[in-house]
Amino acid sequence: MEAVAVAAEGAEAGAAENPTLELGPAAQEPDGSVAPLPPSFVDAAVQTVLRADASVQYEAPATLADSEEVQQQLSSTVLSDFLGRAVPVCEQALQQNELADALKDEFAGLAEDDAADGSASGLADRVAVHQSFTDVLYSKGRALPAVQWHPVRKGVMAVACAELLNLSERAHQPLRVSQAAPTGILVWDYRDPTHPEAVLQAPSDVFAFAFNPAQPQWVAAGCLGGQVALWNLDELVQQREQAAKLQMPAGSHSSGSGRDGPAGADEGIPFLKASVLQPAFMSTLDASHQACITDLIWLPGLTATRDSRLEPSSGLGECNLFATTAMDGRGLVWDMRIHSGGRRRNRPTATEDDVVEWKPVLSLVLQGGSRPLTCSRLCLDSKPSSTIRLLLGSLEGEVVAVDANIRAVDTSRTHNTVGYATTSFGRVRWLGYSPFFDDLLLAVADSGFTIWQDQGGELRQQPLFESRYSEVLYSTGCWSPTKPGVVLLGRLDGKVEIWDLLDRVHMPVVVAAITPAAILSLAFSPGPSGTAAGRSSVHQVLAVADAAGVLHVVDLPRTLRRRGHGEVKGMAALVQRELGRLTYIQERQAARAKLLKGQQPRRHASVQLASGGPGSLGASMGDQQADGTQVSPGQQAELAYQQLEQEWRVKLGLATAPIPA
């Protein structure tokens, strides 16, 4: 009710007269009406005209070959001159189209060259992993301490596998000869990153191996137990041929064979598995090393005589000997032409009736200082010389030169060591000569690397170049095969350092992250190295093996693998500059030693005066003066201070006589 009353009052208020509102004549409303007109429609239609059927025919012109006009044009000198000028140009253009890439970016290399001058981050981004290889059964969770490319087959590489065990675990675990997942060497083909081509089975973990450079079908390896194994890869071809005859893939087995088959597979369904190859020959335990073999190298161009000496072989391109080293202080030289029944065979073949005892042909006694040398790395001095020398690195950071024939010449010697030098960076992780300079030796240690100069078979006591101490430990390294001043180092944090000594010597130019695990080995793909590589951009890739069982193939940018103008001369100038620095230091040390030797008698007399000898300042000190008067405590303190000052002046070489009282 209240709402209705309010509405009524509002209506009455709206009907009241407004005295301020005045309406003129124009504001009056006229009477009228508006009505819309109905729309009008027009009927119309559109129709296309029908097309008429038609045909077009080309009428060939009449033959003009017999006409006089055509004959005149063909025989004219103007046409012949034009064709004579145009045909060579067209042929050259066609040849260029076949030989040159029309879509190639000619300025693509300028960015890499600019980055090499100052932008290290740009180079690090271009050091990329191109491919990775791992196998769940054979290499996952195992360390890969050694990697090497096949010398002949392109894209084929091999890697050694070892268990990740510490010293106490290995001491309580016996050597396993047969196991579900055999240990040894995996052979990988670049075309298949998930399935190894073959597994070279070994009696224990392999820490060093190498392909024979002259006969790549032979592979020699050193094992954890000190034995040496030899495989013949030609047996893999025989296995594939036999498998092809049986219409079965090589190395295939039934799925119901435990770890060999995938879980849940149907019975009788074969699957592809790597072929397992047993060693063709194994060394005897008594004749092998007594510790783990740490390095193995082939000795091309050398042969062993009957009196246990090494000499150059007469056969061109022969390679039958290899050397091994271990932590037992010995170096052994082996001949792959196995002895059997007192006869030496041309190649290592044996039957079931043969009893082959493979023993080394030469044993080297290695000594570092006055104790046996615990060797970690080995390399051959390939310079032409009358002596056969080997260079070795030890766990204590020593670099030792060994003469293989010195004990045969001098029977009074008890070891083969002829040169000795030490580094301050710890264990030697890698050792090798430069592919450009045969007298530069690179030694990579735990905390840094050094470059030594080999002068006439003797190592300098001081290194030619010594890097800074590294915050992260190094594990391996190598020279660049195409650039004389580039050194690559693998670190335990999974990164690769690339040093260019011609650019900067205080720090690496690139630090690239490759893997989260520790890097254990580096190897460049085969190709021309040293001066034979020329200045062409040889596309050589880098194989990186880590401690997680993964093998990585890394592609380096062109600026890190293409040699520039004058780099060889620049490296030679750097070597001469460092030699001059070392010569100056040696001369100053000799002059300083001579000067100190001349001052030694006078220093001896000064020391006697300061120590209280006859006539010294200390002899005049006492509680009483010469006239018998008592010396005060202040005077005694002053005399003691003067005596102490005199002693220090004599020690520092600032005075040779006592200060007068």
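Trainee: In what order do the five strands of the open sheet stand?

Mentor: In this predicted model, the order is β2-β3-β4-β5-β9, and the pairing is mixed. At the edges stand β2 (147-149) and β9 (275-277), each with a single partner strand, so one side of each lacks a neighbour in the sheet. From one strand to the next, the twist averages 20°.

Trainee: How many bridges join strand β4 to strand β5?

Mentor: Four bridges join β4 (residues 184-189) to β5 (residues 198-201), and the two run antiparallel. I185 is found opposite L200 in β5.

Trainee: Why is strand β35 described as largely enclosed by the rest of the structure?

Mentor: Five of the five residues of β35 (residues 542-546) are buried, so the strand is largely enclosed. L542, V544 and D546 point one way, A543 and A545 point the other way, and all are buried.

Trainee: Which strands pair with β35?

Mentor: Strand β34 (residues 519-524) pairs with β35 in the antiparallel sense over five bridges, with I519 opposite D546. Strand β36 (residues 551-555) also pairs with β35 in the antiparallel sense, over four bridges; there, V554 is the bridge partner of L542. β35 and β36 form a hairpin with four residues between them, and G549 in the turn has a positive phi of about 85°.

Trainee: Which residues of the largest nonpolar core touch the most other members?

Mentor: In soluble globular proteins, nonpolar side chains tend to be buried together. Here the core has 40 residues, of which V127, L442, L488, I498, V510 and I514 touch the most other members. Helix α9 (residues 567-610) gives the most to this core, with five residues. A second, separate core of 21 residues includes I297, A323, L392 and V402.

Note on methods
Residues are numbered from 1 along each chain as its sequence is written. This is a predicted model: local features need pLDDT of at least 70, side-chain atom pairs count only at pLDDT 80 or more; totals for chains, interfaces and linings use all residues. Side-chain values use heavy atoms; hydrogens and water are left out. A nonpolar core is a set of buried Ala, Val, Leu, Ile, Met, Phe, Trp, Tyr and Cys residues joined through side-chain atoms within 4.5 Å. Buried means under 20% relative accessible area, exposed over 50%, partly exposed in between (1.4 Å probe, protein chains only). Two strands pair if DSSP finds at least two bridges between them. Axes are lines fitted to C-alpha atoms, for helices over the stretch in contact, and angles run from 0 to 180 degrees between N-to-C directions.
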